[in-house]
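Here is a short tour of one protein model, written for someone who likes to know how each number was defined. Have the viewer open as you read.

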Amino acid sequence: MARFEHTVTVAALDRGWFEETAGHVVDLFEASREQDGAILLPDGRPVHGLRLLKGRHLQPGAEYGEIPGEKDEGRGGPEPAVEAAVLREWRPSRVIEVESHAVDEGMSMRVGVRLREPRAPKSLELSLDGHNPEGGSLYRFSGRAKADLHAWWAALDLPPAAPPPARAPVVGKAVHRLGKARLTVTPRAAGDGSWRVSVVLSVRGRWLLRPVAAVGLFFARKPVERGFREAVDSSVEEWAEMLAELPRLRGEALRAEIADALTEPPQPVAEEPEPSEPAPKSL
């Protein structure tokens, strides 16, 4: 088994703002209605790119999809074609569960999302199962992840000298025919108000392939470790960019901002112009 660890410093997310935002999103959808397939918010504006395909709105078994022709509008490149998003459970005070199916370059993927106590999120559970219908077992994989949000905030409230929590608040596992991987994420509060986040990745082979995987990781350890650290550092940059774009609003102003974001199409990604070659000098 190979183990990789990388600790980074990231900007903190305000818990009160996060939980208020989650509550507004849930309340807006709870108060929404369906009309001719379109999902209308309480003010009558349709949610951009979302349409009811089958079933009754906000009832278990309801299927939703994107409006044809709008899927790739304003986005920088092709994305997986979402076939359907099925609402498995809608109980805003207790749990919301959605399952979606997508196809990307021949890979069929099923993604499940389960949010407990959505108005002040307690935990987020993700599941992923993928396979290529035309491939064998090497083209099949699965993954599970859980973020215990109450444990996350509790870890950030620990005093600096306290030992880390016995269990990481975020745990992810992936399984493939050739091996297994386990990822944990544990935060600690830094003295300047930021977060110190430790990310640990463990990789091992499966069954008779364990010796082969051990030899491969022995020779490829440095490239794998470098790739792991670069991936974590890249996530830190994306996190910072996301925080910079979040509105600094509260109350009804925040609710209105969220409604606008749900109903307005995304802005097209501006492409940077290619540098022009200098004109040749005349003789």
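## Overall fold

Residues 24 or more positions apart supply 49% of the contacts with a separation of 6 or more in the protein chain, a contact meaning heavy atoms within 4.5 Å. This is a predicted model, in which local features need pLDDT of at least 70 and side-chain atom pairs count only at pLDDT 80 or more, while totals for chains, interfaces and linings use all residues. Residues are numbered from 1 along each chain as its sequence is written, and side-chain values use heavy atoms, with hydrogens and water left out.

The protein chain contains four helices and 13 strands; these are DSSP runs numbered from the N terminus, helices being H or I with at least four residues and strands E with at least two. Of its 283 residues, 30% count as buried. Here buried means under 20% relative accessible area, exposed over 50%, and partly exposed in between (1.4 Å probe, protein chains only). The accessible surface of the protein chain is about 18200 Å², with 56% belonging to carbon and sulfur atoms. Accessible areas come from the Shrake-Rupley method with a 1.4 Å probe, and for residues only the protein chains shown count as cover.

Let's start with Trp153, which sits in helix α2 (residues 149-156). Trp153 counts as buried because its relative accessible area is 8%. Leaving aside residues up to four places away in sequence, Trp153 touches Leu13, Arg15, Phe18, Glu19 and Trp195. The C-alpha atoms of Trp153 and Pro169 are 8.9 Å apart, with the two residues 16 positions from each other along the chain.

Thr21 belongs to helix α1 (residues 15-30). With a relative accessible area of 15%, Thr21 is buried, and its contacts are Leu254 and Ile258, not counting residues up to four places away in sequence. Thr184, in strand β12, is buried too, at 11% relative accessibility. Its contacts, again not counting residues up to four places away in sequence, are Ala168, Val170, Val171, Ser198, Val199 and Val200.

## Salt bridges

How many salt bridges does the structure hold? There are 15 salt bridges, each defined as a side-chain nitrogen of Lys or Arg within 4 Å of a carboxyl oxygen of Asp or Glu. Arg15 and Glu19 are separated by about one helical turn because they are four residues apart in helix α1. Arg15 is partly exposed, at 33% relative accessible area.

Arg45 forms a salt bridge with Asp260, the closest N and O atoms being 2.9 Å apart. This pair links distant parts of the chain, 215 residues apart: Arg45 is in the loop between β3 (38-40) and β4 (46-54), and Asp260 is in helix α4 (residues 251-263). Arg45 is partly exposed at 27% relative accessibility, and Asp260 is partly exposed with a relative accessible area of 27%. Another pair is Arg114 and Glu97, whose closest N and O atoms are 2.4 Å apart. Arg114 in strand β8 (residues 107-116) and Glu97 in strand β7 (residues 95-104) are 17 residues apart, and this pair also links distant parts of the chain. Arg114 counts as buried at 18%, whereas Glu97 is partly exposed at 24%. Finally, Arg88, Glu99, Arg110, Asp129 and Arg144 are linked in a network of salt bridges.

## Charged surface patches

Which residues gather in a patch of positive charge on the surface? They are Lys173, Lys180, Arg182 and Arg204. Patches are made of residues with over 30% relative accessible area and no salt bridge, with like charges joined within 9 Å and nonpolar side chains (Val, Leu, Ile, Met, Phe, Trp, Tyr) within 5 Å. Arg182 is in strand β12 (residues 179-189) and counts as partly exposed, at 41% relative accessibility.

A patch of negative charge is formed by Glu230, Asp233, Glu237, Glu238, Glu241 and Glu245 on the surface. Glu241 lies in helix α3 (residues 210-245) and counts as exposed, at 52% relative accessibility. Lys and Arg count as positive and Asp and Glu as negative, while His and the chain ends are not counted. The place of a charge is taken as NZ of Lys, CZ of Arg, CG of Asp or CD of Glu.
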